[in-house]
Amino acid sequence: MKRSCEHIERLLYDKGIKGLSPFERMRLKIHAARCAECRGHVVFEKGLSELFAGARVYDCPPEVREFISRRTAGERRSVQTLGRLFALRRYSYAAVAAAALVIIFLLHPLAAVRQEAGPEYTPEQIARARKQAEWSLALTGSLLNKTNREAVEDVLLNKVPESIKTSLEKSLQLF
Amino acid sequence: MRKIPFTSVLDEYKDSVFNYAAYILRNREDAEDVTQEVFIRLWENRDAVKYRTRKAWLMKVTHNRCMDLLRKKKSAASTDREALPVIPDILADPDPTANPETELTHRETTITIQKALDILPDQTKSIFLLHYFQGCKYREIGNILDLSESAVKIAIHRGKKLLRKELAAELTTG
């Protein structure tokens, strides 16, 4: 056996005729034209491929496809529904987070304090407190030699004595 | 991860699976049963089967299921001939799309191939079907049948030697 014959046999063994590159095919063709033994190999290989290519290809019957489709359809629908639900999870997470924030806000002790109504006063108490505030402001103004408004600002900035400040703070709550 | 609708996979591979089962089992009903089982198993294992390997997975499961059925049939039948008819019953249904002449040629060719495949060992027969009908490469066949690539090459080489004697007349006259 010649060396080139060995090479051709090796190629056919490794790749088969379908797996050869164009260059290898050309080499095979040239060699087969000169070598009767290798020509026999090539003819057989081609014949085998053609024989299998000529055989009938059976198509899967439509009822089999239908059966498989039906068997998996119920499950597929439920999976799709779940999928849709999971697709909405981002929105649901946001909604749950918002709801949680509202609940925390409503249930928080500070919220209860905020919602509590202040102490209730009678109209007489309010009138007395107003008068007291006016007197206090007038006194603070005269002591500081300032207008009532300027006196209030000074109170807020802690510029007045503690006794006057306390009196004013109590009175201002009523306004 | 790439997600493909199950029906697309079914439409892409149903004929390959059915064809392989039909050539191995030579019985329409058995081939139909195997096709159904294989695709239902694929559906059940859809999360485990990777996109790239799904063809190999399908052919592997089909092959294993066919071999199980063949073993059962062979143990039930007294002879191999009884278990596997030479002329597949599937050929009894003519192809409605083919003309009578083509149908006859197909029928003769198929019978020739079935007879030729009969002389091959079971594993070599599967390798030939996967290579020539399904267009699988040697490496893919190795994955499907749990063999090395070189074992597939050796089996094809030996099979060809056997077929060359059997098909000499057919291939020279054809």
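Trainee: How many helices and strands does chain B have?

Mentor: Read along the sequence, chain B follows the pattern α-α-α-α-α-α-α-α-α. The secondary structure of chain B therefore holds helices without strands, given that a helix here is a DSSP run of at least four residues. The count is nine helices and zero strands.

Trainee: What share of the residues of chain B count as buried?

Mentor: A residue counts as buried if 20 or more other C-beta atoms lie within 10 Å of its own. Chain B has 174 residues, and the share of them that count as buried is 33%.

Trainee: Which element gives the most to the side of chain B that touches chain A?

Mentor: The contact takes 24 residues from chain A and 30 residues from chain B. On the chain B side, the elements that give two or more residues are α1 (6-25), α2 (28-44), α5 (100-118), α6 (122-133) and α8 (149-166) of chain B. With eight residues, the element that gives the most is α1(B).

Trainee: How many residues of that side of chain B are charged?

Mentor: The side of chain B that touches chain A includes 13 nonpolar and 11 polar residues. The charged residues there number six.

Trainee: In which helix of chain A is confidence lowest?

Mentor: The mean pLDDT of chain A is 74, and 62% of its residues reach 70 or more. Confidence in chain A is highest in helix α2 (residues 22-34), at 87. Where pLDDT is low, the predicted coordinates should not be read in detail. In chain A the lowest confidence, at a mean of 60, is in helix α6 (residues 109-115).

Methods. Residues are numbered from 1 along each chain as its sequence is written. Chains are lettered from A and ligands numbered from 1 in the order in which they are written. This is a predicted model: local features need pLDDT of at least 70, side-chain atom pairs count only at pLDDT 80 or more; totals for chains, interfaces and linings use all residues. Two residues are in contact if their C-beta atoms, placed from the backbone, lie within 7 Å. Ala, Val, Leu, Ile, Met, Phe, Trp, Tyr, Cys and Pro count as nonpolar, Asp, Glu, Lys and Arg as charged, and the others, Gly among them, as polar. pLDDT is the predictor's confidence in each residue, from 0 to 100. A residue is buried if 20 or more other C-beta atoms lie within 10 Å of its own, exposed if 12 or fewer, and partly exposed in between; C-beta atoms are placed from the backbone.
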